[in-house]
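This briefing sets out the geometry of one protein chain for computational work. Please consult the sequence and the model shown below while reading.

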Amino acid sequence: MASEPEKTVQITPLLKRLWPAPAQENVAALEIAAAISHIFTNSLTPVQTGALLTALHFTGLDRDPKVLAACASAMRSAAAPIDHSAIRTAIANRVPKQGTYAGGLCDIVGTGGDSHNTFNISTTASILASSYLLIAKHGNRASTSRSGSADLLQSTLPTAPLLDAITPSSLSKLYSKTNYAFLFAPIFHPGMRFVAPIRKELGWRTIFNLLGPLANPLDCAGETLLEARVIGVARRDVGPAFAESLKLAGAKRALVVCGDEELDELSCAGPTHCWQVSGNAEIEYFMLHPSHFGFPSHPLSEVGGGKEPGENAETLMRILRGEMGEEEALMHFVLINTAALLVISGICEADTSGEGDEGTVIMERGPGNGRWKEGVRRARLAIKSGRALQEWTRFVEATHSV
């Protein structure tokens, strides 16, 4: 139950300027972010919180890049404190630096809310990618689907990871044992509990549906540990805003994606709209198709949507154990998204194979100048070599020991 605030803050003057006819030049992004920050300390009444979220939603300000960047920064600042220096020490030289990948943390996440109820693609992709990269997977339980990332992981057999054991204080110890960490949102963003019942009562998407993927707690201003990320959005019109907000926040490398079906992942069914962020460079827009990864198209109906966490967890373990056929539609779907993260990380820029990899690097480039087929080659190797299952096992064991 939410605790009583020590002091209630009044944001009525801001609400009056936001609604019913906002003049955007009179409402600064930092003002909105300041109001949002009061939510995390339970300093707004439920009425004011609901009014603020409603105003932002119906004025479209919650899709403004400056507002998204400022509010995501406020959300990260309110997260549970993390000892960044301890994590830097734990991850230093943990994985080989290859291509332009410098050994930093990576994330792959979606906004949710696309109504397609597909398999937990980004979570599975993050586990496969941990064979090569350090992963900081930010996630939560399901809100708009049957199986959220946390639901999936907690349903794995024979032993599920203890997500509650992954805390700000145990994170550095975890990374000393494994390449993978799952940052369970309720633990790292405790202030979100104050807005949860209000969001549920409102019944429509609010700015918090968009802030989650932008609020990885290891992405703090001035000392971010995130080197690369792939973020899926469920609406094509918010793709450019997401990319611009990441650029404003100083993201090193990021790929914002939206499947042509309004899917918050790279689509296995057809084109995917992509916005690539590379530091201060101009945002590059391009489209990717399954053929750029060397695959045919598969309708979304073939990729196992709408299943319960237990069923999806069983599928995840089949993939990690190498028991799923290489030509199954779901396997292609997983490999496409894993490849995207590997490409954006820069590891696919290596012109020679990594240690223990006797394969030949695929030099072919596609849209966005990416070696997408090389990403697939590495993703397949993660399964075939057993490294993905090995990294998963290390992660599970580490959560039981930290």
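The protein exposes about 16,100 Å², and carbon and sulfur atoms supply 51% of that area. The model is predicted. Buried residues account for 57% of the 402 residues.

**Overall form**

- The secondary structure consists of 16 helices and seven strands.
- Along the principal axes, the C-alpha atoms occupy a box of roughly 65 × 45 × 40 Å.
- Of the contacts between residues at least 6 apart in sequence, 74% link residues at least 24 apart.

- The 14 residues of α3 should span 20 Å at 1.5 Å a residue, and the end C-alpha atoms are 20 Å apart, so the helix agrees with expectation.
- The buried residues of α3 are Gln 48, Thr 49, Gly 50, Leu 52, Leu 53, Thr 54, Ala 55, Leu 56 and His 57.
- The cover over these buried residues includes α1 (12-18), α2, α10 (196-202) and α11 (207-211).
- Gly 60 follows α3 and has a positive phi, near 80°.
- Asn 42 is located in the loop between α2 (29-39) and α3 (46-59). Its relative accessibility is 12%, under the 20% cut-off, and Asn 42 therefore counts as buried.

**Backbone exceptions**

- Most residues other than glycine have a negative phi, and most peptide bonds are trans.
- Asn 42 has a positive phi, near 60°, and is a residue other than glycine.
- Asn 93 is not a glycine either, and its phi is positive at about 60°. Asn 93 is placed in the loop between α5 (84-91) and β1 (105-110).
- Asn 93 is exposed because its relative accessible area, 67%, is over 50%.
- The peptide bond from Leu 157 to Pro 158 is cis, with omega near 5°. Pro 158 belongs to the loop between α7 and α8.

**Helix α16 and its surroundings**

- Helix α16 (residues 387-399) contains 13 residues. From its first C-alpha to its last, α16 reaches 18 Å, close to the 18 Å expected at 1.5 Å a residue.
- Arg 387, Ala 388, Glu 391, Trp 392, Phe 395, Val 396, Ala 398 and Thr 399 are buried in α16.
- The buried residues of α16 pack against helices α6 (121-129), α7 (149-153), α8 (171-175), α13 (309-320) and α15 (372-384), and against strand β3 (180-184).
- Leu 381 is part of helix α15. With 19% relative accessibility, under the 20% cut-off, Leu 381 counts as buried.
- Leaving aside residues up to four places away in sequence, Leu 381 touches Tyr 132, Asp 357 and Arg 387.
- Leu 162 is situated in the loop between α7 and α8. Its relative accessible area is 39%, which lies between the limits of 20% and 50%, so Leu 162 is partly exposed.
- Not counting residues up to four places away in sequence, Leu 162 touches Thr 399 and His 400.

**Sequence separation and distance in space**

- Leu 381 and Ser 131 are 250 residues apart along the chain, and their C-alpha atoms are separated by 9.2 Å.
- Ala 249 and Ala 70 are 179 residues apart along the chain, with 8.3 Å between their C-alpha atoms.
- Ala 249 is found in the loop between α12 (239-248) and β5 (253-259). At 42% relative accessibility, Ala 249 counts as partly exposed.
- Leu 162 and Ser 85 are 77 residues apart in sequence, and the distance between their C-alpha atoms is 24 Å.

Technical notes:
Residues numbered from 1 in each chain as written. Predicted model: local features only at pLDDT ≥ 70, side-chain atom pairs only at ≥ 80, totals over all residues. Heavy atoms only, no water. Helix = DSSP H or I, 4+ residues; strand = E, 2+ residues; numbered from the N terminus. Buried < 20%, exposed > 50% of the residue type's maximum accessible area, 1.4 Å probe, protein only. Contact = heavy atoms within 4.5 Å. Areas by Shrake-Rupley, 256 points an atom, 1.4 Å probe, with all protein chains shown as cover. Expected span 1.5 Å × (residues − 1).
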